[in-house]
Amino acid sequence: MSQRNDATIWSGLFRISADSGQTLQAQIRQAIVAAILDRQIAASMPLPSCRILAEKLGVARGTVVLAFQQLVDQGFLIARERRGHFVNPDVLATPARPQKAPEQANEIDWKARRRIAASDMPPPNKHENWIKSSYPFVYGQFDPALFPTAEWRECNRMALAVLEIRNWASDMVDRDDPLLIEQIQARLLPRRGIFANPDEIIVTLGAQNALYMLATLLMGKGSRVAMEEPGYPDARSIFNLAGAETVPVPVDGSGIVTDRIPSDAGFVFVTPSHHCPTMVSLSEARRQDLLDRANRHNQIIIEDGYDSQLLDNAPQQALKSIDRSGRVVYVGSMSKTLAPGLRLGYIVASAGLISELRALRRFMLRHPPANNQRAVALFLSLGHHEALVRRLSSAFEERRKRLEQAVSAFLPEWHAPHPAGGTSVWLEGPRGINVRDLAAAAASRSVIIEPGDRYFGHADKPSRFVRLGISSIALQHIEPGIRELATAAGRRPAAA
């Protein structure tokens with residue numbers, strides 16, 4: 001039986017009563033409209049036929065026909081010849097109606113029952129339609145023009161070969177694809193100066209999943225985590241969700257100010273290659289000081305290899321590469337090079353910690369999808385990733401220079417710290433400007449920018465910082481995009 005005529009699917013949506021003060025036809029219309037506005041009927045699912053619904057409700061077929069016809073006339077449904085009635089996609093494009101409060105609908109108040117206040121954390125920086133924007137200065141997205149479509153398809157086709165399927169289709173329980181571990185070990189880590197054994201590497205669903213696993217395993221109420229200010233907002237939220245207190249430590253042109261790290265913090269979270277969000281690199285002197293302090297005060301350093309896969313002027317060696325005590329836990333990701341939607345990352349740490357993380361991950365998700373692991377392993381083994389890194393590094397360097405030139409020309413009162421590389425530029429605007437207001441004005445001109453206040457943990461968040469991403473905007477669109485941004489900021493761009 002098709003879904004369309006399966007009575008069990010529709011039994012909860014259509015309930016009519018002869019005792020109601022409304023006609024049967026009106027009750028049917030109300031039930032369908034309520035289901036549509038509550039997003040309970042997908043646009044791809046046809047409604048039951050008039051005959052089936054009439055039989056189910058015990059009404060005349062003509063009653064259902066008239067109800068459906070009126071909903072078509074009102075624009076809630078569309079009729080497709082030989083296929084039936086469907087929800088009008090235009091209706092689904094409008095915001096869903098707000099749900100009734102629990103006391104009104106006698107529903108369970110799930111927020112009151114929760115033990116982890118995830119929805120109370122700062123919201124993510126969402127730009128769902130960024131790809132339709134003329135000037136998307138967004139961070140963390142990809143450029144379809146630079147994505148290696150042919151190579152990625154080749155690796156997925158290879159992963160779907162019969163012999164390959166036998167390698168990844170079974171449940172690996174807590175293990176990872178050995179080929180992927182081998183490729184991470186041989187191709188990705190040596191570029192950062194890291195040499196690790198297979199039992200010192202675990203695959204994750206991106207860097208955030210890695211941080212969540214580490215926080216869940218190692219942190220709790222009473223834990224203190226020193227982290228950069230400004231700093232990675234989702235890392236701050238992840239540590240807070242685990243019960244830890246985050247301690248802000250200032251950042252200057254040489255990275256995190258290490259002599260301001262409190263000695264009683266059990267953990268230090270850093271992004272030494274490119275600081276999030278300013279992109280400055282941690283100096284060699286401070287790297288060594290950070291390690292020395294961690295040894296003296298028995299601290300664990302969580303190093304996020306933020307924006308570190310690209311070839312630029314930032315130090316290529318990771319902090320982990322000069323760690324001799326096993327105190328540095330390295331978190332890496334392929335989101336900034338291959339694709340953010342792939343959600344593939346890894347942790348490099350002492351074998352004892354990796355063993356504990358595997359045990360924890362088994363209860364969370366067992367292991368990341370093995371078919372994706374194999375496809376990425378093949379992508380690495382065939383040299384496609386190295387070629388992609390070279391191509392992206394060249395393109396992003398050119399874009400970064402063009403962006404700095406455009407800002408200097410059209411927004412001269414905005415200051416950029418001239419970072420050593422990375423996929424974004426951090427700007428400080430003139431005093432008195434509110435970047436939230438600027439972002440709204442820019443959006444009306446099809447320019448997407450990211451206000452910088454979300455990167456600050458303290459309550460008095462400065463409002464004059466902005467981050468401009470370069471990974472998703474074409475080179476030729478950068479200057480006109482900054483011209484539009486300058487206009488939104490109230491400046492009159494100079495004639496070309």
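This is a predicted model: local features need pLDDT of at least 70, side-chain atom pairs count only at pLDDT 80 or more; totals for chains, interfaces and linings use all residues.

Reader: What makes the pair of Phe-239 and Phe-269 edge-to-face?

Author: The ring centres are 5.6 Å apart and the planes stand at 70 degrees, so the pair is edge-to-face.

Reader: Why do you say that this pair ties together parts that are 30 residues apart in sequence?

Author: Phe-239 belongs to helix H12 (residues 233-241) and Phe-269 to strand E8 (residues 267-270), so the pair ties those parts together. Helices (H or I, at least four residues) and strands (E, at least two) are DSSP runs, numbered from the N terminus. By that count the protein has 18 helices and 15 strands.

Reader: How do you know which residues are buried or exposed?

Author: Buried means under 20% relative accessible area, exposed over 50%, partly exposed in between (1.4 Å probe, protein chains only). Phe-239 and Phe-269 are both buried. Leu-403 has 0% relative accessibility, so Leu-403 counts as buried. Ser-321, at 10%, also counts as buried. Of the protein's 496 residues, 49% are buried.

Reader: What does Ser-321 touch?

Author: Contact means heavy atoms within 4.5 Å. Leaving out residues up to four places away in sequence, Ser-321 touches Arg-192, Gly-193 and Ile-194. Ser-321 is in the loop between strand E9 (300-304) and strand E10 (328-333).

Reader: What makes a set of residues a nonpolar core?

Author: A nonpolar core is a set of buried Ala, Val, Leu, Ile, Met, Phe, Trp, Tyr and Cys residues joined through side-chain atoms within 4.5 Å. The largest one here has 64 residues, and those with the most contacts inside it include Phe-137, Leu-403 and Trp-414. Helix H16 (residues 384-410) gives the most to this core, with eight residues. Apart from it lies another core, of 34 residues, among them Tyr-139, Ala-207, Phe-239 and Phe-465. In soluble globular proteins, nonpolar side chains tend to be buried together.

Reader: Where is Leu-403, then?

Author: Leu-403 sits in helix H16. Not counting residues up to four places away in sequence, Leu-403 touches Phe-137, Val-425, Leu-468, Ile-470, Ile-478 and Ile-482. Take Ile-478: this residue is 75 residues from Leu-403 along the chain, yet their C-alpha atoms are separated by 6.1 Å. Across the protein, among contacts between residues at least 6 apart in sequence, 73% join residues at least 24 apart.

Reader: How do you know that the charged end of Arg-80 sits over the ring of Phe-86?

Author: A charge sits over a ring if NZ of Lys or CZ of Arg is within 6 Å of the ring centre and within 35 degrees of the ring normal. The charged end of Arg-80 is 4.5 Å from the centre of the Phe-86 ring, over which it sits. Arg-467 lies over the face of Tyr-139, at 3.8 Å from the ring centre.

Reader: Why is Arg-39 called partly exposed?

Author: Arg-39 has a relative accessible area of 31%, so Arg-39 is partly exposed. Its place is in the loop between helix H2 (24-37) and helix H3 (50-57). Phi of Arg-39 is near 60 degrees, a positive value in a residue other than glycine.

Reader: And what about Arg-366?

Author: The relative accessible area of Arg-366 is 32%, so Arg-366 is partly exposed too. Phi of Arg-366 is near 65 degrees, again a positive value in a residue other than glycine. Arg-366 lies in the loop between helix H14 (351-364) and helix H15 (370-381).

Reader: Which peptide bond to Pro-230 is cis?

Author: The bond from Glu-229 to Pro-230 is cis, with omega near 5 degrees. Pro-230 is in the loop between strand E5 (224-229) and H12.

How values were computed
Residues are numbered from 1 along each chain as its sequence is written. Side-chain values use heavy atoms; hydrogens and water are left out. Rings of Phe, Tyr and Trp (its six-membered ring) pair if their centres lie within 6.5 Å; planes under 30 degrees apart count as stacked, over 60 as edge-to-face and the rest as tilted.
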